Amino acid sequence: MKVKMLSRNPDNYVRETKLDLQRVPRNYDPTLHPFEVPREYIRALNATKLERVFAKPFLASLDGHRDGVNCLAKHPKSLATVLSGACDGEVRIWNLTKRKCNRTIQAHEGFVRGICTRFCGTSFFTVGDDKTVKQWKMDGPSYGEEEEPLHTILGKTVYTGIDHHWKEAVFATCGQQVDIWDEQRTSPVCSMTWGFDSISSVKFNPIETFLLGSCASDRNIVLYDMRQSTPLKKVILDMRTNTICWNPMEAFIFTAANEDYNLYTFDMRALDTPVMVHMDHVSAVLDVDYSPTGKEFVSASFDKSIRIFPVDKSRSRYVTTSKLFFLFDVFLS
Amino acid sequence: MNVVRAAESLLALSQQEELEDLSKDDPLSPSEDEGDIDGERKHQKLLEAISSLDGKNRRKLAERSEASLKVSEFNVTSEGSGEKLVLSDLLGPVKTSSSLAAVKKQLNRVKSKKTVELPLNKEEVERIHREVAFNKTSQALSKWDPIVLKNRQAEQLVFPLKKEQSVFAPIEHVLSGWKARTPLEQEVFNLLHKNKQPVTDPLLTPVEKASLKAMSLEDAKVRRAELQRARALQSYYEARARREKKIKSKKYHKVLKKGKARKALKEFEKLRKVNPTAALEELEKIEKARMMERMSLKHQNSGKWAKSKAIMAKYDLEARQAMQEQLARNKELTQKLQVASDSEEEEEGVEEEGELVPDAVNEIQMDANGPNPWMLRNLSRGTKEIKVQDPEQLPEPVAHEASENEEEERPGAEEEILLNEFEERRSLRKKSGLNQDAELVSRREPKGSSSQEVLSELRALSQKLNKESQQSGKQNVSSVRTVLAVQREEPTEAEEEPLLLQRPERAHTLEELEELGKEGCFQNKEVPRPVGEGQQSERNPDNQPDAPKEKKRKEQMIDLQNLLTTKSPSVKSLAVPMTVEELEDEEERDQKQMIKEAFAGDDVIRDFLKEKREAVEASKPKDVDLTLPGWGEWGGMGLKPSAKKRRRFLIKTPEGPPRKDKNLPNVIINEKRNVHAAAHQVRVLPYPFTHHRQFERTIQTPIGSTWNTQRAFQKLTTPKVVTKPGHIIKPIKAEDVGYRSSSRSDLSVVQRNPKQLSIRHKKHLKKNSVD
């Protein structure tokens, strides 16, 4: 006759350390847990609702500018630092964690048209309506020192945008033509044109760093090769493109923010048709920026809304609306 | 003034003319012609003078008036001819002179050469440049394709992609930044200082570090030397073995073998004294050798060599001896070892008896791999039993024995054992939640395998019972002996027994189940149904979908429509022993009672039937009645159109297809599209799925932690992208993914070929400055 004893092995219910989770014995028998699908549906619905209820997308506003903010830039080495250029020529450097302004510079007379940081994060460049390109140190001047730019380049025409190379001491400006500058020189290393309209923005490719993209007011997007110093290809859309942005994880993908309320994601090698058309905005899209993961991007529109699009979806996953924007955006982990 | 001067000159001219005229008239004058020419010239001059007189500015200087059409001897002129000067014209006169042949040749060559084409215009050149550059760049970019694809398809991406390697900091570096703060620390620090221990200085000097590394090298050297030695030894040994193998002398080999055997025996003896477990192992080896010998016919005079010897044996003593030797060897090898226990000795005796029919026995022994107590006992049973049973059923008696061994061994007790077994099985089934079905012995349910199993099992068991009782007489003796043997066995073995027993029994029952399941399938057909038709019923909803099938058969007794309302009597299977059934019934009754109490006054079935009736009514197409009271008749209050009229104007809608739940009494199938449900349905099949069933299946599987284990839940809900807060995600780099990025900097390339661009820029600047 076999006698079955109740045996309890402490290993089965006593945790080894205090940090371990308590073991909860559970019976996974499906008959004990019926209605999986309806229950899960309700759970998912509740979770989504709660997420909406408790979402606080707006964290803070950074007060200080006396005029509208025209451009923004993020710091490449510090997640908490953001730079902003205003319409009265003022540039401010902000600390996001403290939500305070670290530094204020009267950089230009008139608009600050473009602002970009150097890849090392030690200095930044601004272009303004006063036809100058100025390089500034990121750190403030020491006591008793005058607030002065490191370099000032006086140009012949107004520059409308600026972007810095991702690896080298080179930057590009745009205006009547795309100029590529060596930081040490006062004249551009080379300048590239295709057509005669004013170019509104220029962007370096973050992966294949010799590639540039620009968009002009004659409705086209032009790609340039810095090494061969020629334009590569031009695509003409129905309406003007305001900005383009390269995907930081996929070398040949870029997204263009267009006036026809849409965003177009292109494969650089096949410009005939866009890879994806992102629509949801109800007015001209003013700016676009990729998330560093390359999976999403955020766009700002004249309809006073910001939308977040997944790269492979044509509809946005998130939207916020506010009063008025002109936006360049920051989107970090 | 001018005019005056002109007049003067004119005057002078006229005077001169007069003079000349005078001379002309003179006979002394030269020839007439001369005079003529002279006159002409004069006339010309006069004309000139006159013409110069009237226009102030028209004073032309002397004009050469050579005849243009005439080619003079001294002059070449192309004027007026309207012809181009062609090379051939020049060559024409050269023909005759041979001295100019070289020049002629040269000229000919020049003539044959084509002119260089005009350079392309700037736009076109630029376009070509652009195209070439674009192709090159897009080719260069294509290297990213696999990486992009991989990242897109990745189940999970963890950013930053490049893991920052944790910097290995030597202890000294860590220490250098550390200072003693607490009193205890300071105390320790002081102590260390007193003993002159290095605290912040590097614990090891560079020389020491180097020496440490050198030590490792030495180790390596030692190891290498060892390996070399081992290899050398092996090769020596191999060489020796090869040499020895070549020796043909039989005597040598015999001596060698004997020596080896003696040595082995000695060693074994020694081992037995020193290490009994190792000795046992050795023994096992010998046992195995014995088994191998028994399996083979190697030394049983059945080989080619043996047969040839057998022919010779009559005449040749040596051959006979050789054969005998072989047989002796066989005997020696197959002999049981004396070390084994007494019981085994006994068995041996039995075995020897059984050697009359050695083949069957041998076969069984072959089946067993290693020393298996089962087989031994099985053998002791005698061969008859084995012959009775099919090879399939062979394991069965073993199982019985297992139970027999545990219980007291009596032939009468076997029934009890069987009952126990049955109970055990049923309890097992209860655990699997199939017990309810199992109770029903339903023949028409092809999928209800469990019920079939029960039936077949019962049958099999009864068969077994019979068999056992038949055999009991024979078995008795042997089984008793086995029991005794078991009792007499060493305690260690007895301890092992239950463990050993369990395994084969379990495996066996599984096998048995399968077998019996098969058996049951065809047995069912033959045997008349044990359960009456009236007793067939559906108690649980699982059985009900089978209702239509049932209807097809003529044997149906219960009205389908009343199926829900009829009472389901408990099923009685004849084969189930009464005691067990009673127990079951009691339990069920209790449960039923409880359910009844809980849902008293809650007539779900009637409600359902009512609901269904309503649904059927609602879904029926309605007839259209177009009769107008008072039309073609007298009008007024309370008039009803006649039945005839009504029939005439009644438009009967055609009968729709039969309802799908017509034959399903306990189901309502609503075929209308449910708007509320539609809100939760997808319109198109989502991308990766190719068939709606796949999609439905994935949707059906729950992902929550309620339905999955923690591990599975975590796996199912892993986020696609994982980022670490506070870490900067840099754009992907060629070096990160194993590509070689161009070493030349982009800028240097630009500076190297400033060419037309700088020029263009200069131009541009110039233009700007002009503007």
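Across the interface of chain B and chain A, 3 salt bridges are found, a salt bridge being a side-chain nitrogen of Lys or Arg within 4 Å of a carboxyl oxygen of Asp or Glu. One salt bridge joins B:Asp145 to A:Arg269, with the closest N and O atoms 2.9 Å apart.

## Basis of the values

This is a predicted model, in which local features need pLDDT of at least 70 and side-chain atom pairs count only at pLDDT 80 or more, while totals for chains, interfaces and linings use all residues. Residues are numbered from 1 along each chain as its sequence is written, chains are lettered from A in the order in which they are written, and side-chain values use heavy atoms, without hydrogens and water.

## Extent of the interface

In chain B, 54 residues are in contact with 59 residues of chain A (heavy atoms within 4.5 Å). The buried area is about 5200 Å², with 61% from carbon and sulfur atoms; this is the accessible area (1.4 Å probe) that the two parts lose on being put together, summed over both.

## Helix H6 of chain B

B:Ile147, B:Val148 and B:Asn151 of H6(B) are buried (under 20% relative accessible area, 1.4 Å probe, protein chains only). Seen down the helix axis, the buried residues of H6(B) fall within an arc of 100 degrees, so they line one face; the arc is that of the directions from the axis to the C-beta atoms. On the other side of H6(B), B:Lys150 and B:Gln153 are exposed (over 50%). The buried residues pack against E1 of chain B. Helices (H or I, at least four residues) and strands (E, at least two) are DSSP runs, numbered from the N terminus.
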